[in-house]
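I opened the model to look up a few local points and then the ligand shells. My notes follow in the order in which I took them.

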Amino acid sequence: MSIDRRSLIKCGAAGAGVAIAASTLPALAARPRKEAPADAVGMLYDTTLCIGCKTCVVACREANGKPPDTSNSPGRLYDMPLDLNGTTKNVIKLYKDPDGAERSYMKAQCMHCIDPACVGACMLGALQKRELGIVTYKQEFCSGCRYCQMACPFNIPKFEWSSRAPLMDKCEMCVHRVVKGQQPGCTEVCPRKAIVFGKRADLLAEAKRRIAGSPKKYKGYRKGDAPRVYGETEGGGTQVLYVSHVPFEKLGLPDLGDKPVPEVAQTVQHGIYQGFVAPVALYAVLGAVIMRNKKAEGQKGKAS
Ligand code: SF4
Ligand code: SF4
Ligand code: SF4
C-alpha cells in the first residue's frame with residue numbers, strides 16, 4: 001500500500017484540526033521530482049552483516065553528546081533504548097518471526113530523504129536539507145509543534161518528553177563530524193561494516209553489486225519479490241539505503257511507492273492555514289517561542 005494524501009490525514013497524527021482542514025484541501029499541484037545532489041552522502045545498512053552488538057548506538061550517543069536512556073532498565077542501571085526517542089538518534093531492534101525461523105537486526109535513524117516531508121512540514125525552517133543532502137535540525141528555530149513528526153513517513157523525529165521545554169531530536173548524519181572530514185559515529189565503529197558511510201551514488205552501486213553477487217541471499221519488499229535496494233526510489237529516494245535478507249516490510253520499513261511524500265505534508269499544512277483569519281498572530285506566538293528557545297540555549301551555553 002502506498003502512502004497518499006488520504007492515508008496521511010487518516011493516520012490521525014494531526015488530529016481533528018487536520019481532519020477539518022483536509023476537507024478544504026486544494027488539488028495537489030504538480031511538483032517536480034527532486035534528485036539527490038551530486039555530492040550527496042549517505043549510509044548503507046546491510047542486515048546480513050549486523051550482529052546486533054549496538055556499538056553504533058553507544059557511538060551515536062558519544063558523537064552527539066546524548067545521555068544514556070536507562071528508562072527501561074530495572075534499577076535504571078543500563079542504557080536500554082527500545083526505540084528512537086528524545087535522547088536516542090539511532091537504535092538497533094531485533095525482528096523475529098513468530099516461529100523463529102527468520103530473524104534480523106534493524107538499524108533505525110533518519111533516512112535523509114531526497115525530498116524530505118519533514119522539511120516541507122516545518123513552517124519555521126528548523127529542518128532543512130543542506131550541504132551534501134543532509135537533513136539538519138536547528139532547535140533554536142523549532143516551536144515544538146511536531147508537524148515534522150506527523151509528516152515523516154518513517155516516524156523519525158522524536159519529541160523530548162522528559163524535557164521541561166521539549167523540542168525535537170533526530171539523526172543529522174553527524175554533519176558536525178562529516179564537514180570536518182570524519183565519519184559519522186555509527187559507521188566509524190561498526191565492527192562488521194554493516195553500516196557504512198560514503199557518497200550515495202557509490203553506496204547504491206555497492207548495494208546493487210552485493211545483490212547481483214548473492215541474489216538468493218537478499219530480499220525485496222515482500223516475500224517472493226525480487227531483491228532490491230530499499231531507499232533507491234522509495235518515497236522519492238533516501239540517502240540511507242538498506243539491503244536485507246528479510247523482506248523490508250518485516251523490518252517495519254514502509255511501502256511508500258516511488259512518489260515523494262512532501263507534497264502531501266505541504267498540502268495538509270497549507271490547508272490548515274488556508275482558513276485562518278489571523279495567521280500573523282499565530283506567527284507572533286511562534287516567534288515568541290523561538291525567542292524563548294534561543295534564550296534557553298544561551299543560558300545552557302553559559303552554564304556549560
Ligand atoms: S555496530 Fe554494526 S554490527 Fe553492531 S549493531 Fe551497529 S550496525 Fe550492527
Ligand atoms: S526520514 Fe523523516 S525526519 Fe528524516 S529526512 Fe525523511 S522525513 Fe525527514
Ligand atoms: S549518523 Fe550520527 S546521529 Fe545518525 S545514527 Fe549515525 S551516529 Fe547517530
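Entry 1, Met80. I looked for Met80 and found it in the loop between helix 3 and strand 2; helices (H or I, at least four residues) and strands (E, at least two) are DSSP runs, numbered from the N terminus. The model is predicted, so I note that local features need pLDDT of at least 70, side-chain atom pairs count only at pLDDT 80 or more, and totals for chains, interfaces and linings use all residues, while side-chain values use heavy atoms, with hydrogens and water left out. Residues are numbered from 1 along each chain as its sequence is written, and chains are lettered from A and ligands numbered from 1 in the order in which they are written.

Leaving out residues up to four places away in sequence, I found Met80 touching Asp69, Asn72 and Ser73, where contact means heavy atoms within 4.5 Å. I also checked Thr70, which is 10 residues from Met80 in sequence and 5.7 Å from it in space, C-alpha to C-alpha.

I then took strand 2 (residues 91-96), which runs antiparallel to strand 3 and is joined to it by six bridges; two strands pair if DSSP finds at least two bridges between them. Lys93 stands opposite Met106 of strand 3. Six residues lie between the strands of this hairpin, and Gly100 has a positive phi near 75 degrees. Strand 3 (residues 103-108) is largely enclosed by the rest of the structure, because five of its six residues are buried.

I traced three strands in an open sheet, order 8-1-9, with mixed pairing. Strand 8 (195-199) and strand 9 (240-243) are the edge strands, each pairing on one side only. Neighbouring strands of this sheet are turned by 25 degrees against each other on average, direction ignored; the axes are lines fitted to C-alpha atoms, for helices over the stretch in contact, and angles run from 0 to 180 degrees between N-to-C directions.

Strand 1 (residues 41-46) pairs with strand 9 in the parallel sense over four bridges, and Leu44 has Leu241 as its bridge partner in strand 9. With strand 8, strand 1 runs antiparallel and is joined by five bridges; there, Val41 is partnered by Lys199. I checked both faces of strand 1: Val41, Met43 and Tyr45 on one side and Gly42, Leu44 and Asp46 on the other are all buried.

For the shells, a residue is near a molecule or strand if one of its heavy atoms lies within 4 Å of it. I sorted the residues by class: Ala, Val, Leu, Ile, Met, Phe, Trp, Tyr, Cys and Pro count as nonpolar, Asp, Glu, Lys and Arg as charged, and the others, Gly among them, as polar.

- Ligand 1 has 13 residues around it, with Cys50, Cys53, Lys54, Cys56 and Cys190 nearest; the shell holds 10 nonpolar, two polar and one charged.
- Ligand 2 has 14 residues around it, with Cys110, Met111, Cys113, Cys118 and Cys152 closest; the shell holds 12 nonpolar, one polar and one charged.
- Ligand 3 has 13 residues around it, with Cys60, Asn64, Cys171, Cys174 and Cys186 closest; the shell holds seven nonpolar, four polar and two charged.

I noted 10 helices and nine strands. Of its 304 residues, 47% count as buried.

Methods. Buried means under 20% relative accessible area, exposed over 50%, partly exposed in between (1.4 Å probe, protein chains only).
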